[in-house]
Amino acid sequence: MQGTFLGKIESIKFGLFDHSKLGLIVDFKFNTCCGISDITNLIWDPESIKVDKYTNWTEDDRDRAFAEIMRYISKLLSEAKVDDITKLAGKPVEVTIDEFNSLKSWRILTDVL
């Protein structure tokens, strides 16, 4: 199912994913039976995963990633004109799915808000 689809944010969560990653998880629904999730804005949870000689990143890398996620959330809240992440649920979106049935991109439809 490749292409661009109109839909809505079905649910959104900021929290732990797979017991070791912290960040933003967004579920989309479009058409009557189809949906997809965005789990790309996640970073290793500092309480679960510690930097050691086997990690290929540093605490500074993790801090930069956290800052990027927070800026991204701030942008989403501003675009949707809401002050709470849970209020993003139900907002209209445009979702693009690639030829591998993977989420390529999505955006809030600010022009219809």
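1. A residue is called buried when its relative accessible area is under 20%, exposed when that area is over 50%, and partly exposed when the value falls in between. Tyrosine 72 has a relative accessibility of 23%, so tyrosine 72 counts as partly exposed. The structure discussed in this note is a predicted model, and every value below should be read with that in mind.

2. For the overall layout, the secondary structure of the chain comes to one helix and five strands, and when these elements are read along the sequence they follow the pattern β-β-β-α-β-β. The C-alpha trace spans about 45 × 35 × 20 Å along its principal axes. Of the 113 residues in the chain, 35% count as buried, and the accessible surface comes to about 7,200 Å², with 52% of that surface belonging to carbon and sulfur atoms.

3. The largest nonpolar core holds 24 residues, and the members that touch the most other members are Ile9, Phe28, Leu88, Val95 and Trp106. At least two residues of this core come from each of the strands E1 (3-17), E2 (21-30), E3 (34-44), E4 (92-97) and E5 (103-108), and likewise from helix H1 (59-80). Which element gives the most to this core? That element is H1, which contributes six residues.

4. Isoleucine 9, one of those core members, deserves a point of its own. Setting aside residues up to four places away in sequence, isoleucine 9 touches Val26, Asp27 and Phe28, then Leu88, Ala89, Gly90, Lys91 and Val93, and finally Trp106.

5. A search of the whole structure finds three aromatic pairs. One of them joins phenylalanine 5 and phenylalanine 30, whose rings are stacked, with 4.9 Å from centre to centre and 15 degrees between the planes. This pair links distant parts of the chain, since phenylalanine 5 lies in strand E1 and phenylalanine 30 in strand E2, 25 residues apart. Phenylalanine 5 has a relative accessible area of 16% and is therefore buried, and phenylalanine 30, at 2%, is buried as well.

6. Why is the pair of tyrosine 72 and tryptophan 106 described as edge-to-face? The ring centres are 6.5 Å apart and the planes stand at 85 degrees, and planes over 60 degrees apart count as edge-to-face. This pair, too, links distant parts of the chain, with tyrosine 72 in helix H1 and tryptophan 106 in strand E5, 34 residues apart. Tryptophan 106 is buried, with a relative accessible area of 12%, whereas tyrosine 72 is partly exposed. Together with Phe28, Tyr72 and Trp106 form one aromatic cluster.

7. Finally, serine 37 lies in strand E3. Is serine 37 buried, exposed or partly exposed? Its relative accessibility is 36%, so serine 37 counts as partly exposed. Leaving aside neighbours within four places in sequence, serine 37 is in contact with Val26, Asp27 and Leu103. The C-alpha atoms of serine 37 and isoleucine 12 are separated by 9.5 Å, and these two residues are 25 residues apart along the chain.

Technical notes
Residues are numbered from 1 along each chain as its sequence is written. This is a predicted model: local features need pLDDT of at least 70, side-chain atom pairs count only at pLDDT 80 or more; totals for chains, interfaces and linings use all residues. Side-chain values use heavy atoms; hydrogens and water are left out. A nonpolar core is a set of buried Ala, Val, Leu, Ile, Met, Phe, Trp, Tyr and Cys residues joined through side-chain atoms within 4.5 Å. Buried means under 20% relative accessible area, exposed over 50%, partly exposed in between (1.4 Å probe, protein chains only). Helices (H or I, at least four residues) and strands (E, at least two) are DSSP runs, numbered from the N terminus. Contact means heavy atoms within 4.5 Å. Accessible areas come from the Shrake-Rupley method with a 1.4 Å probe; for residues, only the protein chains shown count as cover. Rings of Phe, Tyr and Trp (its six-membered ring) pair if their centres lie within 6.5 Å; planes under 30 degrees apart count as stacked, over 60 as edge-to-face and the rest as tilted.
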